[in-house]
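User: I'm new to this one. Can you walk me through it?

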Amino acid sequence: MNLPKRIYFWVDERLEMHDILKKDVLDKPIPKGLNISYCFGGITFFLFVMLAVTGYFMTLYYVPSPEQAYDSVDYLTFEVPLGYVVRGVHHWSANLMIVTIFIHMIRVFVYGAYKNPREINWMTGVCLFCLVMAFGFTGYLLPWDQKAYWATKVGTSIMGTVPVVGDYTLRLMRGGENLGAMTMTRFYALHVLFLPAATLVFLIGHFVMIRKQGISKPL
Amino acid sequence: MAKDSDLNRRKFMEIGIYTITGTIAAISGVALARFAVGSSFDKTKSTWVELNSEDIQDAAHGFARVVLEYEQKDGWLTATTRSLAYVKRVKEDEVIAVSAACSHLGCIVTWDEEQKIFKCPCHDGRYDMEGRVISGPPPRPLKRHKTKIEDGKIFLATETVPYGGDSHEPA
């Protein structure tokens, strides 16, 4: 018996994970007659993984400050070897993720897969959708170019127009009255720490529930 | 027979999935590793810095303490870098410039004019006036800056080179 297998069995002898892994995760039976539209949840998750990996690596260079953000992004894109690939994958995965999460959501809606007993999973899905939107909004500011600055200016101003709570929301988002260093650091913290942690929690719930309940049969 | 082919198809799909996943992971891993290494192994560019020749003392008077200040690219920033050298004129057309960075862990050594030695404040490393180790933990002599004299002007290279023995010429 080769070494990796021996290590695997040594671990499994103690943790007894093999059956759970095989039956409930990797070899879980699915209903007959599924089509390609069932793949978009998985594709969305794949894109999330790509975003996480490329994002982690970009933090090696990125600086969230008005003085250095643009220059550090320029540097990591054009001067670091393969920087345009890493940032390009992050950029396009982010864009595609909006598309795939929408297709996933539409499929679940049209097929009625959100119905009893899967309402809670639909709710976590909606939360994940909101988190993805928040990722997009916070990430958009970070390159600190004209588009980033004005999009965030407009976006936070729109929040400011909400009756009663508008001004509070706007100030909390910007970290003050104006858009600047305070906005950048909080958007950065949200983008790389708070939102990923929240997303992870909801993703685990999303996946455990779908494995527990199984996916709904096609129409 | 039907059961057998079913099993083969299952196995084929499994191998296919692992192959595709493995290929993506391997390519991404190599690319990301190169990205993470970045410019870690790039050599810093050496430039010539002109010294005020009146500050440079003759050999009889020992070393002059010279602060080299120059602009250096630091990723996306251009930073002002300072390094310290001890310089003296040994001949009319020759100067030596001993780097003040201790060869042990990079602390700045001071020139003791009375004892004619370089002393490191961190771990008491001591060097003679050539930069050779007398005592303490330093593993190597002090490095030298390359020097040149053009039209009576003295230039120091920001780059340092290992001390090459008894000669004043750096190796």
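Analyst: A term to begin with: two strands pair if DSSP finds at least two bridges between them. Helices (H or I, at least four residues) and strands (E, at least two) are DSSP runs, numbered from the N terminus. This is a predicted model, where local features need pLDDT of at least 70, side-chain atom pairs count only at pLDDT 80 or more, and totals for chains, interfaces and linings use all residues. Residues are numbered from 1 along each chain as its sequence is written, chains are lettered from A and ligands numbered from 1 in the order in which they are written, and side-chain values use heavy atoms, leaving out hydrogens and water.

User: In what sense do β3 and β4 of chain B pair?

Analyst: Antiparallel, over 11 bridges, with β3 covering residues 64-74 and β4 residues 77-91 of chain B. One bridge joins B:Val66 to B:Ala85 in β4(B).

User: How many residues sit between β3(B) and β4(B) in the hairpin?

Analyst: Two, and B:Gly75 in that turn has a positive phi of about 60 degrees.

User: Now the interface. How many residues of chain B are in contact with chain A?

Analyst: 14 residues of chain B, which meet 19 residues of chain A; contact means heavy atoms within 4.5 Å. The two chains bury about 1,500 Å² between them, 73% of it on carbon and sulfur atoms. Buried area is the accessible area (1.4 Å probe) that two parts lose on being put together, summed over both.

User: Which residues of chain B lose the most area to chain A?

Analyst: B:Leu32, B:Phe35 and B:Trp76, together 53% of what that side buries.

User: Which residues form a salt bridge?

Analyst: A:Glu79 and B:Lys73, with the closest N and O atoms 3.3 Å apart. The count between chain B and chain A is one, a salt bridge being a side-chain nitrogen of Lys or Arg within 4 Å of a carboxyl oxygen of Asp or Glu.

User: Which helix gives the largest share of the chain B side?

Analyst: Helix α1 (residues 2-37) of chain B, with eight residues.

User: What order do the strands take in the open sheet of chain B?

Analyst: The order is β6-β7-β8-β9, four strands with antiparallel pairing. The edge strands, β6 (110-112) and β9 (133-135) of chain B, each pair on one side only.
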